[in-house]
Amino acid sequence: TSGSAFRATSTSRGGTLRHHRAHTGMATLAPASLASRHATATAPRAGQGARRCGDRTATRVRASALNERVVQDATAAFAIPNSVAFELGKGGLPLCVLTHKNGSRAEVYLFGANVTSWCQPSGDEVLYVRPDAVFDKSKPISGGVPICFPQFGPGPMQQHGFARNLDWSVISTSADVNPDDPEPSVLLKLRHNAYTREMWNEAFEATYEVTLRSSKLMLEFSVRNPGEKERDAADARPITFTAALHTYVEVADASMPGVFVRGLAGKTYLDKAADVNNPPRVVRTGDVPFGGGLVDQVYLETEAEAMLHVGTGAAVSVENTAGWTDTAVWNPHTTLPGDMWKSFCCVESLAVSTPVVLQPDEVWRAETNLSVVDL
C-alpha cells in the first residue's frame, strides 16, 4: 500500500479520545525469533542465542509494593481471561500481556508504554530489546517500540522527549471487537504533570492503544489539547510538537546484503550520520542497506509503507495508515559495543517534517500497523 491519502494529518475537534470497555486473565507462550526462524538463515553468533518470546532472563529485582499494587488493581479492573493479563516483568515493573487465540502475544510495559515483545503464533519474536537495556526507570527501555513525544531527537528538552520515561496509566482494555476472533487491546494514558511542565509547559492528554490482531500489531497514538473547560482560560492555547514510534526490529545480521529497507526510493532524507547538526539532504536511490557504517536517516513525506527485509526470507511491514508523515531508518553500527548492532534495525514512524499544531479541543491521531510478510 502507498499514497499520501492514507496519511493526511489526522486532527479532529471536540471530545475525548476513544475509550474501550473494561473487563476482567493470564497468558503464556514460547520459542525463537523471526530473525532466526529459517534453518538456513545465519546462525546465532557466539554467545548470542536467538531471543525467546516471553524471556525474563534479565536480572530480577524485588518488585516494590507500589508496582505489586498496580498489577493487582489493573488485574481486578481490566484483566480479561485468556486475552489480557497484568504481571510483573523485568525489574519488577508492571507489564500488560495481550494474547490472541491464535497463540500470538504482545507485551507492553506501563513504564514508557513500551511494547517490548511481539511474538508470532510460531513463537518467533519480531521486536528487539537490547541486552544492555535496564528496567529500573533510571532511563528509557532500550528497544521495543519507544514513544518519542513531544520531541523527536535532540532539542530543548531531554532526547526524544519524556513520554518514554514516565509511567502511563491503564484506562481500558478490550477483547471483543469481533466475538468470533477477539482482538485483545489495552489503552494507556499520559497527562501533563509537574515533571512534564518543567520541560514543556503545556497541557496535553496522550493515549496509546495497542491491539493484537490475528496477523498484525496495531499501534494507535493520539494527543489531545484540552479545552478551556479543563484548564484556566489563560492556559488555553495551541500546542506544537513532533513525535515518533521508534520501532526496533530483530534481524539475522545487519551486515549482510539480505538485510535492507525497501519503499523509500526517490524520497529525500536528512543524513544525520554525515552531520547531526546540519544534515545534508540526499535523494535515496534504491533500497536502504546496512553494514557500511552508521545509518541515521530521516526520510521526509514518505509513502504509507516501508518493508524491512530481515535476512531470513521474511520482512516486517511498517505501515503508517494515519497521522505519521515521515520515516526514519537507524542502525548504530559500531557506535554500540561488540556486534550488538548486527542484531537489529529501526524503522521509525515520524511526524517531524511538519510539526503537529493542535488548537484547544483538537485531537491528533496516528496509527501504525506492523505485520510479517513471507517473501
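Rings of Phe, Tyr and Trp, the last represented by its six-membered ring, are taken to pair if their centres lie within 6.5 Å. In this predicted model, a search of the whole structure finds 20 aromatic pairs. One of these joins F149 and F221, whose ring centres are 5.7 Å apart and whose planes meet at 75 degrees, so that the pair is edge-to-face. Because F149 lies in the loop between β6 (147–148) and β7 (169–174), whereas F221 belongs to strand β10 (residues 216–224), the pair ties together parts that are 72 residues apart in sequence. Both F149 and F221 are buried.

A further aromatic pair, formed by Y269 and Y299, is tilted, with 4.8 Å from centre to centre and 40 degrees between the planes. Here Y269 is located in strand β14 (residues 268–271) and Y299 in strand β17 (residues 295–299), so this contact ties together parts that are 30 residues apart in sequence. Y269 counts as buried at 7% relative accessibility, and Y299 likewise counts as buried, at 0% relative accessibility.

F149 and F221 also belong to a cluster linked by ring pairs, in which they are joined by F162, W168, W200, F204, Y208, F241, W324 and W364.

When the lining of the second largest pocket is divided by class, ten residues are nonpolar, seven are polar and five are charged.

Methods. Residues numbered from 1 in each chain as written. Predicted model: local features only at pLDDT ≥ 70, side-chain atom pairs only at ≥ 80, totals over all residues. Heavy atoms only, no water. Phe/Tyr/Trp six-rings, centres within 6.5 Å; stacked < 30°, edge-to-face > 60°. Helix = DSSP H or I, 4+ residues; strand = E, 2+ residues; numbered from the N terminus. Buried < 20%, exposed > 50% of the residue type's maximum accessible area, 1.4 Å probe, protein only. Nonpolar A, V, L, I, M, F, W, Y, C, P; charged D, E, K, R; others polar.
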